[in-house]
Amino acid sequence: MRIEVDPPDSIITTTVGHSCTGIPCKIQVPRKTEFSVTASKEGYTSATVPVISTMAGSGAAGMAGNVILGGFIGVGVDAVSGATLNHSPNPVLIALQPIDPTNPATPAGSLSVLEGRIKAENLEKAAKQSRRQDERNS
C-alpha cells in the first residue's frame, strides 16, 4: 500500500497499527485486511480514508480457472490467502484542509499535486524500463 498526503510532513496512522511521517508512506497489509488511514497535522482538519478489499481484475478469471482446472481446492486456497483481492483505493491520497483557510502558514493540501507526483514517478519508471530494454536489444 502506498499513502500520499499533502502537506507532505503530515502524520499518517492506520487502524492496523502502522504509522509514518512524511511521504511516500509505504506499508504492507494482507490483501484481505480492511482498515482506515488517518492523516493529521497541526493547523489542519484530520482526514480518514477507509481502505477496502475488492476483487482484483484478474481475480474472477483466476477463480474461474481454478474451478475448471483445479476444482474447489484452488478456489479455497485463493479465498483464504486473499490472492484474488486488491486494496482500494491504492494509492491512498489525502489532501488536508486548514482549520483557518485565511492563514497563509497553512495552505490547503492538493490532490492534483499528489496525482502529479505519482504520474511523474510512473513516467520516470517507464523511461528507465524503456532504456533498459533498449540496452538489452543493442
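**Core and salt bridges**

Modeller: The largest nonpolar core has 16 residues, and those with the most contacts inside it are Ile3, Val5, Ile27, Phe35, Val37, Val92 and Ile94. Keep in mind that this is a predicted model.

Biologist: Which strands each supply at least two residues of this core?

Modeller: β1 (2-6), β5 (35-40), β7 (47-55) and β9 (92-95) do. The largest share, 3 residues, comes from β5.

Biologist: What is Val92 in contact with, leaving aside neighbours within four places in sequence?

Modeller: Met1, Arg2, Ile3, Glu4, Val37, Val49 and Val51.

Biologist: Switching to charges. How many salt bridges does the structure hold?

Modeller: The structure holds 5. In one, the side chains of Arg2 and Glu4 meet at 2.5 Å, N to O.

Biologist: Are Arg2 and Glu4 buried or exposed?

Modeller: Arg2 counts as buried because its relative accessibility is 12%, under the 20% cut-off. Glu4 is buried too, at 0%. A network of salt bridges links Arg2 and Glu4 with Arg117 and Glu121.

Biologist: What does Asp9 form a salt bridge with?

Modeller: Lys41, with the closest N and O atoms 2.7 Å apart. The pair links distant parts of the chain, 32 residues apart. Asp9 is in the loop between β1 and β2 (11-14), and Lys41 in the loop between β5 and β6 (44-45). Asp9 is partly exposed at 44% relative accessible area, and Lys41 is partly exposed at 27%.

Biologist: And where do Lys128 and Glu124 lie?

Modeller: Both are in helix α2 (residues 111-137), 4 residues apart, about one turn of the helix. Lys128 and Glu124 form a salt bridge, with the closest N and O atoms at 3.6 Å.

Technical notes: Residues numbered from 1 in each chain as written. Predicted model: local features only at pLDDT ≥ 70, side-chain atom pairs only at ≥ 80, totals over all residues. Heavy atoms only, no water. Core = buried A, V, L, I, M, F, W, Y, C linked by side-chain atoms within 4.5 Å. Buried < 20%, exposed > 50% of the residue type's maximum accessible area, 1.4 Å probe, protein only. Contact = heavy atoms within 4.5 Å. Salt bridge = Lys/Arg side-chain N within 4 Å of Asp/Glu carboxyl O.
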